[in-house]
Every structure is written in structure tokens, then in C-alpha cells.
Amino acid sequence: MDLITLFKYAMKRTIQPFHDWREPILNLGPGNAHIPGTLELDWPAWNGETDRMPYEDATIGTGVGFHFLEHLTTPGVVHVLRETERVLRVGGHAVFMVPHASCMMAYQDLDHKSWWTEDSMALLLENTYYQKMRMAPWALRVTSTVMMGITARNLALFFQLEKQS
């Protein structure tokens with residue numbers, strides 16, 4: 001039995017499924033965690049805080065960033081999400097994984113600059129409080145948020161975003 005079905009039976013709740021990745025797939029900040037067949041953008045050749053992604057508008061099918069966003073400041077996160085929004089095709093998805101703010105993993109790396117809860121992404125994209133960081137309404141929408149971990153010290157959040165028209 002798959003995890004989504006098991007969760008539905010056990011918790012009487014539904015997890016929205018994560019979509020299959022569409023090519024080309026852009027892997028943001030992979031460090032040493034390479035995913036075969038992906039295009040990679042990483043420091044020092046690319047600075048996620050400030051650099052434009054070297055792709056034309058609406059040319060990427062899927063964007064992924066695992067253990068990446070927490071290494072950015074809030075303005076840097078907004079910049080990366082705006083660039084992701086720009087390069088994704090309409091209907092394309094981005095999947096980001098970050099450590100949950102309540103777990104040890106969020107604080108072990110002294111380079112972490114942002115902390116995340118299960119509501120952080122939706123608040124950033126939808127809450128009017130963040131209007132001061134917006135140049136235009138977001139075309140990205142959160143379609144799924146899942147928190148997973150084997151132990152409390154390694155709880156991770158997975159956010160799936162979809163680019164709307």
C-alpha cells in the first residue's frame with residue numbers, strides 16, 4: 001500500500017498527491033545531492049539570493065530545491081520563488097523541501113537563514129502581510145504541503161507549488 005492511501009485510512013484525511021516531474025527539470029542548490037537528468041544551478045556559479053536564472057520565461061517543466069531555501073534570507077527566498085515562477089511553464093510544478101523549524105535539523109547548519117513551518121509557504125504566497133515584498137500577485141499556488149520524518153529531530157516539510165496562468 002502506498003503512503004498516501006495508508007494515511008487516508010489511518011488519519012481519515014487526504015494528502016494531495018505530488019505530480020510527476022515534467023522535463024526539463026531544474027535542480028536548485030543541489031550541493032552534492034545530484035539528481036540524474038536535471039539541470040543544476042548552484043553556488044558559487046549562481047547566487048540564488050540575487051542572480052537571475054539563466055533560462056528563458058516559461059521553459060522549465062519542474063523545479064526542485066531540497067535543503068536549499070533555508071540557506072536564503074527572506075528577500076532571497078522571494079527572489080528565488082519569483083525566478084522559479086518566471087521560468088516555469090503554466091501548469092508546471094516546483095517542489096521544495098526544508099527542515100521544519102521545530103526540529104534539530106533546522107539549527108544544526110550554521111548557514112541556515114530562514115526557518116519554516118507548515119504554513120510558511122502559503123503565508124508567503126497568499127497573506128497580504130507580505131505585500132511589501134511583492135511587485136505583482138503570485139502566479140504560484142501551494143497545491144500540497146506534507147511534513148515527514150523518521151524521528152522528531154529530522155522533520156522535513158515538502159511544498160509543491162503550481163504555476164497558474
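Two strands are said to pair if DSSP finds at least two bridges between them, and helices (H or I, at least four residues) and strands (E, at least two) are DSSP runs numbered from the N terminus. The model shown in these views is predicted, so that local features need pLDDT of at least 70 and side-chain atom pairs count only at pLDDT 80 or more, while totals for chains, interfaces and linings use all residues. Residues are numbered from 1 along each chain as its sequence is written, and side-chain values use heavy atoms, with hydrogens and water left out.

**View 1. The open sheet has six strands with mixed pairing.** The strands follow the order E2-E1-E3-E4-E6-E5, and the edge strands, each pairing on one side only, are E2 (39–41) and E5. From one strand to the next, the twist averages 15°. Strands E4 (residues 88–99) and E6 (residues 156–163) run antiparallel and are joined by seven bridges; Ala94 has Leu161 in E6 as its bridge partner.

**View 2. Helix H2 (residues 74–87) lies across strands E1 (25–28), E3 (60–66), E4, E5 and E6.** The helix runs at about 150° to E4, where axes are lines fitted to C-alpha atoms, for helices over the stretch in contact (heavy atoms within 4.5 Å), and angles run from 0 to 180 degrees between N-to-C directions.

**View 3. The largest pocket has a volume of about 320 Å³.** On a 1 Å grid over the protein atoms alone, a pocket is an open set of points where a 1.4 Å probe fits, with protein on both sides within 12 Å along at least five of seven lines, and lining residues have an atom within 4 Å of a point. Among the residues that line this pocket are Leu3, Phe7, Phe18, Met147 and Phe158, and helix H1 (3–11) and strand E5 (140–148) each supply at least two residues of the lining. The lining divides into 10 nonpolar residues, two polar and no charged.

**View 4. The second largest pocket holds about 270 Å³ of space.** Of the 13 residues that line this pocket, Trp43, Phe68, His71, Leu72 and Asp111 are the closest to its centre. Its lining divides into four nonpolar, five polar and four charged residues.

**View 5. Ala58 is found in the loop between E2 and E3.** Ala58 has a relative accessible area of 39% and is therefore partly exposed, a term for values between buried (under 20%) and exposed (over 50%), using a 1.4 Å probe and protein chains only. Not counting residues up to four places away in sequence, Ala58 touches Arg86, Val87, Leu88 and Arg89. Ala58 and Lys163 are 105 residues apart in sequence, with their C-alpha atoms 9.8 Å apart in space.

Definitions and conventions. Grid points are joined across faces, edges and corners, and a volume is the space filled by probe spheres set on the points. Ala, Val, Leu, Ile, Met, Phe, Trp, Tyr, Cys and Pro count as nonpolar, Asp, Glu, Lys and Arg as charged, and the others, Gly among them, as polar.
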